[in-house]
Amino acid sequence: MPTHIFLALGMWDEVVSQNELASGRDRAIWAPNHYTQWLGYGYLQQGRYDTAQRHLELMRRNAEKGLRGRAVLAQMRAEYVVNSERWDCPCLRWDIDLTAVRARDAAVDLLTLGLSALKRGERAGAERALADLATLNGNRAPPAPGHERDEVPDIVQLELQALLRQAGGATDEAVRLMREAAVLEDRMPAEFGPPPDVKPAHELFGELLLEAGRAAEAQREFARALALAPKRALSLLGLGRAAAAAGDRATAAQAYREVREIWHRADPGLPGLAEASRSVGAP
């Protein structure tokens, strides 16, 4: 239970220490579960990408044969790739059987594959992932009485659509789609865990707007992303970049200082860490 509080406050050192403890003394037998997933996410927020990669590889070796183990492994892979932005990670070639998993698990996996393909310049791969997402959402049964529709599969489909529109030069259409995704994200109940859509809509919207030269709008989206997920590293970096481009030097400096604080154990040589250090005049 304390980890829910630590994660909700962006206390990444505590997230890591508590989930290392909860996962058990024998690291060699750690397998994909609630504790190890949150631990992997904590490593990523600390900027410890190499540690997160080794952790993910251990999870693959020890993955349970059951359905839930595979779904957690896929979620962890998605979190690793999206947060480290290592779009050519060999883990993307792992064959993880996701038949009969929840729609959100399958959708997040497809987003990760499509986003990675697009970042590598492989538009056809992104379009295949989008087509599979559309099929997935088209085949979803209506929610049971008294239950609300899970927004995550709809959000990630909108995100991938927006990215493809942006890549094709249709920026206004991309902005419209991302605004829809952000509205859906705002409707979701707080879960106090890693973002269920893996690439938060407001964070992605900020990146899209910043690339389009709309820095002030991007700054607002990153601020909203951080209200939903405090001290999330990529949102802080985005806020620093957007605020600097918008001429808000005070906000940019504060965002970059926070990046340096949460990345005090980060892998040396991370481009974002060097960027933050330059921006605040630190060695």
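Biologist: Let's start with Trp 263: does Trp 263 count as buried or exposed?

Modeller: Trp 263 is buried, at 4% relative accessibility. Buried means under 20% relative accessible area, exposed over 50%, and partly exposed in between, with a 1.4 Å probe and protein chains only. A word on the ground rules: this is a predicted model, where local features need pLDDT of at least 70, side-chain atom pairs count only at pLDDT 80 or more, and totals for chains, interfaces and linings use all residues. Residues are numbered from 1 along each chain as its sequence is written, and side-chain values use heavy atoms, with hydrogens and water left out.

Biologist: Thanks. Which ring has its centre 6.3 Å from that of Trp 263?

Modeller: That of Tyr 49; the planes of the two rings are at 85°, so this pair is edge-to-face. Rings of Phe, Tyr and Trp (its six-membered ring) pair if their centres lie within 6.5 Å; planes under 30 degrees apart count as stacked, over 60 as edge-to-face and the rest as tilted. The pair links distant parts of the chain, 214 residues apart: Tyr 49 is in helix α4, and Trp 263 is in the loop between α13 (249-262) and α14 (271-280). Helices here are DSSP runs (H or I, at least four residues), numbered from the N terminus.

Biologist: And Tyr 49, buried or exposed?

Modeller: Tyr 49 is buried too, with a relative accessible area of 6%.

Biologist: How many aromatic pairs are there?

Modeller: Two aromatic pairs. Trp 12 and Tyr 41 form an edge-to-face pair, 5.7 Å centre to centre with 75° between the planes. This pair also links distant parts of the chain, with Trp 12 in helix α2 (residues 12-23) and Tyr 41 in helix α3, 29 residues apart. Trp 12 is buried at 4% relative accessible area, and Tyr 41 is buried at 2% relative accessibility.

Biologist: Which residues line the largest cavity?

Modeller: Tyr 41 is one of them, and the others include Gln 37, Leu 44, His 55, Leu 56, Glu 79 and Tyr 80. α3 (34-45), α4 (49-61) and α5 (67-84) each supply at least two lining residues, and α3 gives the most, with four. By class, the lining has six nonpolar, three polar and one charged residues. Ala, Val, Leu, Ile, Met, Phe, Trp, Tyr, Cys and Pro count as nonpolar, Asp, Glu, Lys and Arg as charged, and the others, Gly among them, as polar.

Biologist: What about the largest pocket, what is its volume?

Modeller: About 420 Å³. Of the 23 residues that line this pocket, Ala 190, Glu 191, Gly 193, Leu 228 and Ala 229 are the closest to its centre. A pocket is an open set of points with protein on both sides within 12 Å along at least five of seven lines. α11 (215-228) is among the helices that supply at least two lining residues, and α11 gives the most, with three. The lining has 17 nonpolar, one polar and five charged residues.

Biologist: Back to the inside. Which residues touch the most other members of the largest nonpolar core?

Modeller: Leu 56, Tyr 80, Val 81, Cys 91, Leu 160, Met 178 and Trp 263, out of 84 residues in that core. Its largest share, nine residues, comes from α5. A nonpolar core is a set of buried Ala, Val, Leu, Ile, Met, Phe, Trp, Tyr and Cys residues joined through side-chain atoms within 4.5 Å.

Biologist: One last thing: where is Glu 85?

Modeller: Glu 85 lies in the loop between α5 and α6 (103-119). Its phi is positive, near 60°, and Glu 85 is partly exposed at 37% relative accessible area. Ala 100 is in the loop between α5 and α6 as well, with a positive phi of about 70°, and is exposed at 70% relative accessibility.

How values were computed: 1 Å grid on protein atoms, 1.4 Å probe; cavity = no way out; pocket = protein on both sides within 12 Å on 5 of 7 lines; lining within 4 Å. Points joined across faces, edges and corners; volume = space filled by probe spheres on them.
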